[in-house]
Amino acid sequence: DQRAAFVLASPDAPDVQQAVAAERGWKFRMVQDPDRRFTTDMGFYVQEGYWPGMSAFHRNADGLLVRTGTEVFGEHDDYNPVWPLFSHLMGGAGDFSPK
């Protein structure tokens, strides 16, 4: 929280979120988006389903919250540190696809 807050939005109920967070050792905040309204508005839920990604926001002095950036996560994105590592392997990433 020194530079920015981080919150994960999920359609899962809070008890499910807490179980997943505990299993993975996550300490950040999570919020429920059961009707997918926020996720859809942000472009991360489409007819085909969910797309992982992130949005960055800034609160102006007048209190208005403004989205300052967005990114969809997928194969070869800059946010998964394994892609550069694969470049050192014979055959690169091959047919690897994250799950």
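**Aromatic contacts in close-up**

Phe38 has a relative accessible area of 41% and is therefore partly exposed. The legends below refer to a predicted model.

**View 1. Phe38 and its partner Phe57 form a tilted pair of rings.** Phe57, with a relative accessible area of 36%, is also classed as partly exposed. The ring centres of Phe38 and Phe57 are 6.4 Å apart and the planes meet at 35 degrees, so the arrangement is tilted. Because Phe38 belongs to helix α2 (residues 37–41) and Phe57 to strand β5 (residues 53–59), the pair ties together parts that are 19 residues apart in sequence.

**View 2. Eight aromatic pairs are found in a search of the whole structure, among them the edge-to-face pair of Phe6 and Phe28.** In this pair the centres lie 4.8 Å apart and the planes stand at 80 degrees; an angle over 60 degrees counts as edge-to-face, so the pair of Phe6 and Phe28 receives that description. Phe6 is located in the segment before β1 (7–10), and Phe28 in the loop between α1 (14–24) and β2 (29–32), so their contact ties together parts that are 22 residues apart in sequence. Phe6 has a relative accessible area of 48% and is partly exposed. Phe28, at 27% relative accessibility, likewise counts as partly exposed.

**View 3. A charged group is placed over the ring of Tyr45.** The charged end belongs to Arg36 and sits 4.2 Å from the centre of the Tyr45 ring.

Technical notes. Residues numbered from 1 in each chain as written. Predicted model: local features only at pLDDT ≥ 70, side-chain atom pairs only at ≥ 80, totals over all residues. Heavy atoms only, no water. Phe/Tyr/Trp six-rings, centres within 6.5 Å; stacked < 30°, edge-to-face > 60°. Helix = DSSP H or I, 4+ residues; strand = E, 2+ residues; numbered from the N terminus. Buried < 20%, exposed > 50% of the residue type's maximum accessible area, 1.4 Å probe, protein only. Lys NZ or Arg CZ within 6 Å of the ring centre and 35° of its normal.
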